[in-house]
Amino acid sequence: MLSFLTRRLIVALLVATTVMTLAFVLTRLSGDLATSIAGANATQADIEVIRKAYGLDRPVLTQFFDWVGRALTGDLGNSYFFQTRVSTLIAERMPVTLTLGITGLLIALFVSIPLGILAAVREGTGFDRAVQMVALLGQAMPSFWLGLLLMITFGLQLGWLPISGTGSWENFVMPGVVLAFSAIPALTRLTRAGMIQAMGSDYIRTARAKGLSRASILLKHALRNAAIPVVAIAAVQLGFMLGGSIVIEQVFALHGVGFLAWESIAKNDFPVVQAVVLVLAVIYVALTMVADLMNAVLDPRLRV
Amino acid sequence: MSAAVTVNAGPKRGWKSLSTWIGAVIVGAAMICAIAAPLLVPHDPFAQDLAKRLQVPFWMEGTDPAHLLGTDQLGRDYLSRLIWGCRISMLIGVTVTVVSGLIGITIGVLGGFFGGRIDDAVLFAITTRLSIPVVLVALAVVGLLGTSMTLLVLTLGLLLWDRFAVVARSTTMQVRNLDFVAAAWCAGCSRFRVLSREVLPNIASHLVVVATLEIALAILLEATLSFLGLGVPPPLPSWGLMIAEAKDYMFFSPWVIVIPGVALFTLVLGINLLGDGLRDLFGARTDT
């Protein structure tokens, strides 16, 4: 178990380092950053001032190691536009993104687990096919478009929910539903497949032979085993959702981390952009590690 | 158990083949629109007519028979822009998949075929790629380098190879140990020959299924990036861009975002239905 843990940790650190390098390279792609920050009307002297002020006159490798060294101590540099520390900016915006992500995940689990169980129990029937069809429809739904449709229907025509802002819990209902849509197909399929596999296994036959009730077999015996991969994938899905929330934050004007990144891209505020990429990647890596650990704890066969 | 399978197989197959056919028809229609767009469009999709702004589509009152799906906020014919947008979606979907397929299949086959250290490196590359938020990085690249179709295709291609790599790797591992590969080694075939003549043809069907699903994903992502203003540059009528441009008018005329959205949804659904059908047909495994 300990060697399993250490190996996972080393891989996670290596991935984080690689992403750090990539994020740094990414923001240097445009060539001369000082020119793009200064804008089209800047004189040569302005550009030189900016180059000096932001330390862009140093060799690229020095800039890189400087960034990595500071990032390791939690210092992600200063934003060019907001004139504050990037870590403060991200910390301010993170609660919105996390609330959105967790709301989305909870809605997704709330919908997909019952749907998956029912589809598995009625495998091959019309209901099962309907559930699979819903999964396909969900997969094809462009999230930004669904968001706009919900805004028109529930925000404007019915007037039930606010269409933008972060004032109350009601603001997170529509974005949460839209975000959940991206995870529902995968989670439903996984629950269904897991339940079908579990229901065909020997211990379920034993449980049946003992004369246990159908509910007890389904919920106590089959679901517990089918739930292991679902819970693990749910953690990974949360990582994807946090990364993908940039679109939904933009549609619903939620000022989270994704919105911050989108603004910063438009303003050439590259310390923010590279920091957000890094932070989201680290969260994803941490969540996949949690998923792996959960799998290993719950299913000893996986501790290879 | 076997009895239950036979009972279920009949209706399921019928339903499956129907959905595959629906998918095939949608994809076929989209391909015709994409290839013959210049011949099919009733009007010039770029021609503005400010006197005829926001004409309503045919199912509403006061429609102009010359513009079946109405006109947009600049008076451009919506049907023509929709057909032209299909060309852009398909073009981007296919080219992105070619780029990502080349990268992913190469990486995956190498890892699965050689194993050991090479495979460790491949697994590491896949893990790293999955930890990178695709939409954010694609937005950042396009935002820093400027919007163009070529840049968009390359960026998405460089980001979307993971599923190809995962499937190519696992299927290559299975094929590598089969008897006919051993026979080819014994016959003195070179590594390259074994790879290209024995391994690749036997994993191709799995890769075709991945390719269809990846085309759908690339089309969705292109629309998303265009919607956020960092995808296909205007005035090109990408469906995502059409939705973004029409957004200001959606509360008064919802059809302006409904029409391109339905087109996008239908195309992606059609490609996914076709992909699922092919998966069953080939008995391919594409779970990642």
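In chain B, 71% of the contacts with a separation of 6 or more are between residues 24 or more positions apart; two residues are in contact if their C-beta atoms, placed from the backbone, lie within 7 Å. This is a predicted model, in which local features need pLDDT of at least 70 and side-chain atom pairs count only at pLDDT 80 or more, while totals for chains, interfaces and linings use all residues. Residues are numbered from 1 along each chain as its sequence is written, and chains are lettered from A and ligands numbered from 1 in the order in which they are written.

Chain B has ten helices and zero strands (DSSP runs numbered from the N terminus, helices being H or I of at least four residues and strands E of at least two). Its C-alpha atoms fill a box of roughly 75 × 55 × 35 Å along the principal axes.

Helix 2 (residues 78-114) and helix 6 (residues 162-176) of chain B pack at an angle of about 35°, with axes 7 Å apart. Axes are lines fitted to C-alpha atoms over the stretch in contact, and angles run from 0 to 180 degrees between N-to-C directions. Among the residues making this contact are B:G104, B:G108 and B:G111 of helix 2 and B:A165, B:A168 and B:T172 of helix 6.

Between the chains, the contact takes 38 residues from chain A and 36 from chain B. Helix 1 (2-27) and helix 10 (214-251) of chain A are among those that each supply at least two residues of the side touching chain B.
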